[in-house]
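Work through the exercises below with the sequence and the structure at hand. Each task is followed by a solution in steps.

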Amino acid sequence: MQLYAIDDLVAALGELGPVLQPVRVANALRGVRIDERTLRPYLTWAPTRYTRNLVIRSDAFELIAICWDGGARSPIHDHADSECAFVLQRGSITCENYRAALRDRDAGYDLQRTSARALAEGEIDMRSGHLSIHRVGAYDGRAVTLHVYAKPIDACRAFEEDGSFRIVASHYDSLPAAR
Ligand SMILES: [Fe+2]
């Protein structure tokens, strides 16, 4: 198993140019294991929830380390119009996929849970397009994932099980300058 420093991944992503192609992002992330000593400055934890820790942000992409406390899960969400991929670094993560059909532009969507998948360390998940909807959770203890959003996502839709949704502004729990 090859261990990389986090700065090596940052450099590899930076070489993908101003428009990151999903296949190339996937290739950059698949199987990548970051030496935890270089990742540790980006890891913060909060009881029962997940934290979003910015590693780097450019016009083209953002790289975020997400720390999942045991039992933490995301809302059901989309990814604006960005491409998204993440790789599991530590622990176990479950991805639940949803299909959405527009019911009423204001009232929401008909949501259907179509599949679920558990990721092993080093495996990736990919999202593409505005109706690529999922929920991510750590149901078996703490986990760490590394996410690439291209372009950066400032807001996305968070859905309830009934298909209603609200726009949620993205936030960072920690910034690189603050570490
Ligand atoms: Fe997501």
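A residue is buried if 20 or more other C-beta atoms lie within 10 Å of its own, exposed if 12 or fewer, and partly exposed in between, with C-beta atoms placed from the backbone. The model is predicted: local features need pLDDT of at least 70, side-chain atom pairs count only at pLDDT 80 or more, and totals for chains, interfaces and linings use all residues. Residues are numbered from 1 along each chain as its sequence is written.

**Exercise 1.** Classify Thr48 as buried or exposed, and list its contacts beyond four places in sequence.

Step 1. Locate the residue: Thr48 sits in the loop between helix H3 (36-39) and S3. Helices (H or I, at least four residues) and strands (E, at least two) are DSSP runs, numbered from the N terminus.

Step 2. Count neighbours: Thr48 has 9 C-beta neighbours inside 10 Å and therefore counts as exposed.

Step 3. Find the contacts, where two residues are in contact if their C-beta atoms, placed from the backbone, lie within 7 Å. Leaving aside neighbours within four places in sequence, Thr48 touches Asp69, Gly71 and Ala72.

**Exercise 2.** Give the strand order of the sheet and follow the pairing of S4.

Step 1. The order in this open sheet of five strands is S3-S4-S11-S6-S9, with antiparallel pairing. Strands S3 (50-57) and S9 (124-128) are the edges, each pairing on one side only. Two strands pair if DSSP finds at least two bridges between them.

Step 2. Strand S4 (residues 62-68) is joined to S3 by seven bridges, and a hairpin of four residues links S3 to S4. Tyr50 has Trp68 as its bridge partner, and Asn53 has Ala65.

Step 3. Seven bridges also join S4 to S11; Glu62 is partnered there by Tyr149.

Step 4. Seven of the seven residues of S4 are buried, so S4 is largely enclosed by the rest of the structure. Glu62, Ile64, Ile66 and Trp68 point one way, and Leu63, Ala65 and Cys67 the other way.

**Exercise 3.** Which residues of H1 are buried, and why do they lie on the same side?

Step 1. The buried residues in H1 are Ile6, Leu9 and Leu13.

Step 2. They share one side of H1 because they cover an arc of only 60° around the axis, the arc being that of the directions from the helix axis to the C-beta atoms. An α-helix has 3.6 residues a turn, so residues three or four places apart point the same way.

Step 3. Asp7 and Ala11, on the other side of H1, are exposed.
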